[in-house]
Amino acid sequence: MTEDQATEEPSQDVHRLASDGRQIILIGTAHISQESADLVHQVIEDERPDRVCVELDERRFESLSQETRWENLDIKEVIRNKQLSTLLVNLLLGAYQKKLGGQIGVTPGSELLAAAKTAQALGIPVALCDRDIRITLRRAWRRVGFFKKLWLMASIVTGLLDDMEISEEQLREIRQKDVLNEMMAELGQAMPALKEVLIDERDVYLAEKIRDTPGDKLVAVVGAGHVAGMVEVLQATAEADLEELEVIPPISPIWKWIGWGIPAMIVGAIVYIGFQQGGAAAGDNIVYWILANGIPSAIGAALALAHPLAIASAFLSAPLTSLTPVIGAGYVVAFVQAYFRPPKVKEFQSVGDDFMRPKRWWGNKLLRILLVFILTGLGSMLGSVVGGWEILTNLFQ
């Protein structure tokens with residue numbers, strides 16, 4: 001497949017690729033740009049392709065096209081499936097993108113929605129070509145180390161608090177190929193695993209999905225950061241196995257050993273103390289473990305202004321959940337909070353705006369559940385370190 005430079009394009013963001021009588025018109029966009037939305041509409045109107053491919057999966061398309069998307073969220077089901085971390089990352093990324101878009105009065109992803117609406121108005125089928133966002137986030141989460149996760153989330157939060165202004169002119173500059181290549185190179189050096197999942201894998205996935213889409217003329221609307229990689233994939237003759245890119249990697253056996261090994265070591269230490277120093281000494285260590293885990297966890301829940309029964313559940317559950325990697329105290333307490341203080345419809349509707357204002361986290365019941373999850377988990381983690389150190393120290397007394 002080769003790029004055809006003969007045809008004059010309305011924008012340098014439009015790339016024509018031709019192969020075996022098929023034509024793919026690739027439009028590189030900025031997801032918070034009104035200019036991109038206008039360009040997409042113009043190209044589809046002019047070209048009248050057989051299909052329009054967009055960088056969306058079903059879930060993201062639904063979230064863009066339905067204003068009531070948050071109202072349909074079952075927070076208890078999210079907690080049961082242990083997906084609060086994924087929800088938090090989604091909210092962080094969405095809030096950051098919304099902040100940038102809000103500065104120039106554009107809804108994030110407006111150009112993708114414009115592509116779909118324009119195609120539907122013209123009776124052109126729409127193909128959703130991106131990988132399921134949940135798979136992408138979970139693959140990225142598994143590939144990034146603990147401290148890199150903290151660094152990433154801190155960077156996003158810092159961006160939310162930054163008062164930086166961005167204009168259409170700056171967006172136009174960012175979309176330039178050399179600037180994007182430099183940005184991708186910097187991301188690859190700082191977090192190569194993250195770039196591989198978020199950029200490289202999706203370049204392949206999007207390109208193969210578009211290649212498999214029927215039609216002699218296709219218009220594909222994707223983020224400008226994907227264009228260079230997608231062109232390379234589309235020019236290659238070999239096809240990639242998409243099933244491999246949809247598999248969520250299992251947790252490393254090393255982490256499983258650590259996850260079960262530390263609790264086993266704590267329990268073993270208490271049993272050994274009982275044999276060596278007597279039942280009273282073992283009982284004292286058990287009490288210390290309960291208090292060391294329960295008190296910080298309960299304090300975390302209290303700082304989140306959790307329901308009184310949620311605070312009590314934090315104290316009772318943390319000493320037990322700290323001895324198993326299956327579920328953390330944060331999930332247990334968040335579920336209790338959601339049961340007794342379920343979010344209202346208006347709080348789902350305002351979650352995007354409230355997320356960008358930390359003071360509102362305590363006022364929005366959905367965000368307060370996330371606060372309960374985070375602060376209770378941190379308290380339990382702190383308690384495990386303190387309690388574990390004390391018990392292991394007592395082995396040598």
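Q: What are we looking at, experiment or prediction?
A: A predicted model.

Q: How many helices and strands?
A: The protein has 18 helices and six strands.

Q: And how much of it is buried?
A: Of its 397 residues, 43% count as buried.

Q: What share of contacts join residues at least 24 apart?
A: 77%, among contacts between residues at least 6 apart in sequence.

Q: On to helix packing. At what angle do H2 and H5 pack?
A: About 85 degrees, with the axes 10 Å apart. H2 covers residues 58-65 and H5 covers residues 110-121.

Q: What does that make H2 relative to H5?
A: Roughly perpendicular, because angles of 65 to 115 degrees fall in that class.

Q: Which residues make the contact?
A: On H2, Arg60, Phe61, Leu64 and Ser65. On H5, Leu112, Leu113, Ala116 and Gln120.

Q: How does the contact of H2 with H5 split by class?
A: Five residues are nonpolar, two are polar and one is charged.

Q: What about H12 and H13, how do they cross?
A: At roughly 150 degrees, and their axes come within 6 Å. H12 spans residues 253-277.

Q: Parallel or antiparallel?
A: H12 and H13 are roughly antiparallel, because the cut-off for that class is over 145 degrees.

Q: Which residues of H12 and H13 are in the contact?
A: H12 gives Ile266, Ile270, Ile273, Gly274 and Gln277. H13 gives Gly279, Ala281, Ala282, Asn285, Ile286 and Trp289.

Q: Where does Ser384 lie?
A: In helix H18, residues 365-394.

Q: What does Ser384 touch?
A: Trp289, Asn293 and Ser322, leaving aside residues up to four places away in sequence.

Q: How accessible is Ser384?
A: Its relative accessibility is 23%, so Ser384 counts as partly exposed.

Q: Switching to H6. Which of its residues are buried?
A: Ile133, Ile135, Thr136, Leu137, Arg139 and Ala140. H6 runs over residues 133-143.

Q: What happens at the start of H6?
A: A side-chain oxygen of Asp132 comes within 2.8 Å of the backbone nitrogen of Arg134.

Q: Which residues does Ile248 touch?
A: Ile135, Arg138, Arg139 and Arg142, not counting residues up to four places away in sequence.

Q: How far apart are the C-alpha atoms of Ile248 and Arg139?
A: They are separated by 5.5 Å, though the two residues are 109 apart along the chain.

Q: Where is Ile248, and how accessible?
A: Ile248 is in the loop between H11 (224-235) and H12. At 25% relative accessibility, Ile248 is partly exposed.

Q: Now Glu55. Buried or exposed?
A: Buried, with a relative accessible area of 3%; the cut-off for buried is under 20%.

Q: Where is Glu55 found?
A: In the loop between S4 and H2.

Q: How far are the C-alpha atoms of Glu55 and Cys129 from each other?
A: 5.7 Å, with the residues 74 apart along the chain.

Q: Backbone next. What is the phi of Arg48?
A: Positive, about 45 degrees, although Arg48 is not a glycine.

Q: And where does Arg48 sit?
A: In the loop between helix H1 (34-47) and strand S4 (51-54).

Q: What about the phi of Leu305?
A: Leu305 has a positive phi too, about 60 degrees, and Leu305 is not a glycine.

Q: Which loop holds Leu305?
A: The one between H13 (279-303) and H14 (308-321).

Q: How accessible is Leu305?
A: Leu305 is partly exposed, at a relative accessible area of 47%.

Q: Last topic, aromatics. How many aromatic pairs are found?
A: Two, from a search of the whole structure.

Q: What is the geometry of the Tyr339 and Phe340 pair?
A: That pair is edge-to-face. The rings are 5.1 Å centre to centre, with 80 degrees between the planes.

Q: How accessible is Phe340?
A: Its relative accessibility is 38%, which means Phe340 counts as partly exposed.

Definitions and conventions. Residues numbered from 1 in each chain as written. Predicted model: local features only at pLDDT ≥ 70, side-chain atom pairs only at ≥ 80, totals over all residues. Heavy atoms only, no water. Axes fitted to C-alpha atoms, helices over the stretch in contact; angles between N-to-C directions. Helix = DSSP H or I, 4+ residues; strand = E, 2+ residues; numbered from the N terminus. Parallel < 35°, antiparallel > 145°, perpendicular 65-115°, else oblique. Contact = heavy atoms within 4.5 Å. Nonpolar A, V, L, I, M, F, W, Y, C, P; charged D, E, K, R; others polar. Phe/Tyr/Trp six-rings, centres within 6.5 Å; stacked < 30°, edge-to-face > 60°. Buried < 20%, exposed > 50% of the residue type's maximum accessible area, 1.4 Å probe, protein only. Polar contact = N/O pair within 3.5 Å; in protein donor to acceptor, adjacent residues only side chain to side chain.
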